[in-house]
Amino acid sequence: YKLSVSPEVDIMEYCRKEWRGNTPAAKRMRKGYEAVAQKFASIRRIRGDNYCAFRATLFQALSQATQLPRWLQSEDFTMLPENLLSKYDWIKQWQLRQKPGKRMGEISDEIKEYLILLRKKWKNISEIKGPLEKQEACDKLFKNEEEEYSLYEALKFLMLNTAIELYNADKSGRRVPVFSWLLFARDTSSNPCQLMHNHLNHIGHSGGLEQVEMFLLAYALQYTIQVYRLYKYSTDEFITLYPNDPEEDWPVVTLITEDDRHYNIPVRMCQETML
């Protein structure tokens, strides 16, 4: 059994253990970690399967949540699977995470359950006032594998919904963010159906999130995802924002990556940064 989110360790201690050598790469990583350590005191390692971008983002979002996001409050939120399936027959080929011993019911019922779980967990955790209790509740949730993976299914479905909205908006001549063009400019995802078949269905199984899908995740959650990309230290891509022109009222979560494939999370903002 692997912990989904490991206990926190001092950032520079972690860095010294991981990057000992004198290669240019190790030196760059150490510089990158030093820059992060100006803002954050500790790091928590995220379990390294193909869900780590989801895991890091959702953990950060929940551990600082003080209210239910607007999109989670809407009446028809849990009707999403039914509504989409009534318009797009191809969604029936959505690849659900196989549950041993459980017969596959109607796909929309399964996804509806995941969406209800996401809303419930977000609401419960956001209502916890004390920071320690909130942290404990998050740790507990991310130790429950069944629930944790159900939440990732919900996130994937929200990404599909967002992709369909953006695709339709572009087709009807409305303005869409630049990443949306890039998303549908790929040979493997020229429309939402292909995106589902060739990308979303594989996330967590044979691959993680690509750069352009980090934008889609940010839009689906209406969160700005700020990432310290350590191997880009001393370039203007060292701190990358998804999306790069975020809405002002979107909350921000911060992640760390050494290679754009695996994500960890920085925790405990240094006092002077908070002031």
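Biologist: Arg70: buried or exposed?
Modeller: Exposed, with a relative accessible area of 62%. Exposed means over 50% relative accessible area, buried under 20%, and partly exposed in between (1.4 Å probe, protein chains only). This is a predicted model: local features need pLDDT of at least 70, side-chain atom pairs count only at pLDDT 80 or more, and totals for chains, interfaces and linings use all residues. Residues are numbered from 1 along each chain as its sequence is written, and side-chain values use heavy atoms, with hydrogens and water left out.

Biologist: What does Arg70 form a salt bridge with?
Modeller: Asp249, with the closest N and O atoms 3.8 Å apart. A salt bridge here is a side-chain nitrogen of Lys or Arg within 4 Å of a carboxyl oxygen of Asp or Glu. Arg70 lies in helix H4 (residues 70-73) and Asp249 in the loop between E4 and E5, so the pair ties together parts 179 residues apart in sequence. Helices (H or I, at least four residues) and strands (E, at least two) are DSSP runs, numbered from the N terminus.

Biologist: And how accessible is Asp249?
Modeller: Asp249 is at 54% relative accessibility, which means it counts as exposed.

Biologist: How many salt bridges in the whole structure?
Modeller: A search finds 18. One of them joins Glu18 and Arg45, closest N and O atoms 3.5 Å apart. Glu18 is in helix H1 (residues 11-18), and Arg45 is in the loop between strand E2 (40-44) and helix H3 (52-63), 27 residues away. Glu18 is partly exposed at 34%, and Arg45 is partly exposed at 40%.

Biologist: Which residues are linked in a network of salt bridges?
Modeller: Arg229, Lys232, Glu237 and Asp260.

Biologist: Switching to rings. How many aromatic pairs?
Modeller: The whole structure has 19. Rings of Phe, Tyr and Trp (its six-membered ring) pair if their centres lie within 6.5 Å; planes under 30 degrees apart are stacked, over 60 edge-to-face, the rest tilted. Tyr219 and Trp250 make an edge-to-face pair, 5.2 Å centre to centre with 85 degrees between the planes. Tyr219 sits in helix H11 (residues 211-221) and Trp250 in the loop between strand E4 (239-242) and strand E5 (252-257), 31 residues apart.

Biologist: Is Tyr219 buried or exposed?
Modeller: Tyr219 is buried at 18% relative accessibility. Trp250 is buried too, at 11%.

Biologist: Which cluster do ring pairs link?
Modeller: Phe179, Phe215, Tyr219, Tyr242 and Trp250.
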